[in-house]
Amino acid sequence: MVQIYTLTLSPSLDSATLTPQIYPEGKLRCRAPVFEPGGGGINVARAITHLGGKATAIFPAGGATGEHLVALLADEQVAVDTVQAKDWTRQNLHVHVESSGEQYRFVMPGAMLTDDEFRQLEEKVMAIESRSILVISGSLPPGVKTEKLTRLIHAAQKQGLRCVVDSSGDALTAALESGGLELIKPNQKELSALVNRALTQPDDVRAAAQELVRSGKSRRVVVSLGPQGALAVDESGYVQVVPPPMKSQSTVGAGDSMVGAMTLKLAQGASLLEMTRHGVAAGSAATINKGTRLCSLADTQKIVDYLTQQ
């Protein structure tokens, strides 16, 4: 079995709560918060664990919030390899309004990452065994420029690591400069920015994804299409997987669940269709939960079974 590692440069401790309604100035009475680990790569490792796989999450952890984050991951039996950070790990807040069903996501800036802390994270990546999969997911924290990310990916690939990247904006553009990525998962807007043109028709999305594959930037491109599922492209062709109609309670964690499921199937040598089915199923499974909960194995398998029968 191929080993899986994730790298999260901007982890978080996420808290979720409910309030009857939301309005300015007055006191908003909330339920007791639920705390969960947060950050792209950390959630990918959690999703893989929930789905019966194994992954080691590499990330910086600082202060009491960092200690809480590590403890929560231990409770979920997610393996970790951390770097002690000077700044406290950030804490985000998710508020669900019962009267309207609306969600409010208060996302704090990532903790500052020093040059020395980044170097320590690089050393942990360089110690990973060749042919392992490394998922780099999430935003870049203050103090880390895109050039550092590009150099890290180059070094990891020279080490023989297969890199999956799930980010956005300048970070995703910089990651693609390295070329040879195993998998990226942009949404339609992010894909449009990558190819620098509007994508107004379904064929435009497929053509843009194929362009990235043919250029050698990524071996697989899976475009997240929200309720329409995902369009996946590799050198052999393309597939589209549409999930069953489901009532969405929260979209938090859907993307990370999708990447986790696809990475797990990638490690198992699955086909493009099987990988995408499991990704769409896990992403959909995450949306039926309130707050910040990720996919479960049972829900994901039910949706996979449905998709397989279509």
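A: Helices (H or I, at least four residues) and strands (E, at least two) are DSSP runs, numbered from the N terminus. One caution before we use them: this is a predicted model.

Q: Is Arg-131 buried or exposed?
A: Compare the relative accessible area with the cut-off. Arg-131 has 54%, and exposed means over 50%, so Arg-131 is exposed.

Q: Which loop holds Gln-77, and what is its phi?
A: Gln-77 lies in the loop between α2 (63-75) and β5 (79-84). Its phi is positive, at about 60°, although Gln-77 is not a glycine. The relative accessible area of Gln-77 is 69%, so it counts as exposed.

Q: Now a loop residue with another reading. Is Ser-10 buried or exposed?
A: Do not judge by the element alone. Ser-10 is in the loop between β1 (4-7) and β2 (12-19). Its relative accessibility is 5%, and buried means under 20%, so Ser-10 is buried.

Q: How many residues separate Ser-10 and Val-304 in sequence, and how many Å in space?
A: Keep the two scales apart. In sequence, Ser-10 and Val-304 are 294 residues apart. In space, their C-alpha atoms are 31 Å apart.

Q: And what separates Ile-58 and Leu-9?
A: Here the sequence gap is 49 residues. The C-alpha atoms are separated by 8.5 Å.

Q: Where is Ile-58, and what does it touch?
A: Ile-58 belongs to strand β4 (residues 56-61). With a relative accessible area of 1%, it is buried. Beyond residues up to four places away in sequence, Ile-58 touches Tyr-5, Thr-6, Leu-7, Thr-8, Asp-81, Leu-121, Lys-124 and Ile-128.

Q: Which side chain makes a polar contact with that of Lys-148?
A: Asp-115. The polar contact between the two side chains is 2.5 Å. Not counting residues up to four places away in sequence, Lys-148 touches Phe-118 and Gly-143 as well as Asp-115.

Q: How do I read a helix residue such as Thr-300?
A: Thr-300 is in helix α10 (residues 297-309). At 3% relative accessibility, it is buried. Its contacts, with residues up to four places away in sequence left out, are Leu-51, His-278, Ala-281, Ala-282, Ala-285 and Cys-295.

Q: On to cores. How many residues has the largest nonpolar core?
A: The largest nonpolar core has 41 residues. Phe-59, Val-164, Val-222 and Met-275 have the most contacts inside it. Helix α8 gives this core the most, with seven residues. Another core, of 40 residues, lies apart from it and includes Val-83, Leu-152, Val-205 and Leu-225.

Q: What does Met-275 contact, leaving aside its neighbours within four places in sequence?
A: Met-275 is in contact with Leu-183, Arg-220, Val-222, Met-262, Lys-265, Leu-266 and Ala-270.

Q: Last, pockets. How much space lies in the largest pocket?
A: Rolling a probe the size of a water molecule over the atoms shows where empty space is left. The largest pocket holds about 1,200 Å³. Its lining has 46 residues, and Thr-251, Gly-253, Ala-254, Gly-255 and Asp-256 are the closest to its centre.

Q: Which element gives the most to that lining?
A: Count lining residues by element. α9 gives the most to the lining of the largest pocket, with five residues. Elements that each supply at least two include β3 (34-38), α1 (40-50) and β6 (90-97).

Q: How does the lining of the largest pocket divide by class?
A: It has 12 nonpolar, 26 polar and eight charged residues.

Q: What is the volume of the second largest pocket?
A: About 230 Å³. Of its 15 lining residues, Gln-3, Gly-53, Lys-54, Ala-55 and Thr-56 are the closest to its centre. By class, the lining of the second largest pocket has eight nonpolar residues, six polar and one charged.

Conventions
Residues are numbered from 1 along each chain as its sequence is written. This is a predicted model: local features need pLDDT of at least 70, side-chain atom pairs count only at pLDDT 80 or more; totals for chains, interfaces and linings use all residues. Side-chain values use heavy atoms; hydrogens and water are left out. Buried means under 20% relative accessible area, exposed over 50%, partly exposed in between (1.4 Å probe, protein chains only). A polar contact is a pair of N or O atoms within 3.5 Å; within protein, one must be able to donate a hydrogen and the other to accept it, and residues adjacent in sequence count only if both atoms are side-chain atoms. Contact means heavy atoms within 4.5 Å. On a 1 Å grid over the protein atoms alone, a cavity is a set of points where a 1.4 Å probe fits but cannot get out, and a pocket is an open set with protein on both sides within 12 Å along at least five of seven lines; lining residues have an atom within 4 Å of a point. Grid points are joined across faces, edges and corners, and a volume is the space filled by probe spheres set on the points. Ala, Val, Leu, Ile, Met, Phe, Trp, Tyr, Cys and Pro count as nonpolar, Asp, Glu, Lys and Arg as charged, and the others, Gly among them, as polar. A nonpolar core is a set of buried Ala, Val, Leu, Ile, Met, Phe, Trp, Tyr and Cys residues joined through side-chain atoms within 4.5 Å.
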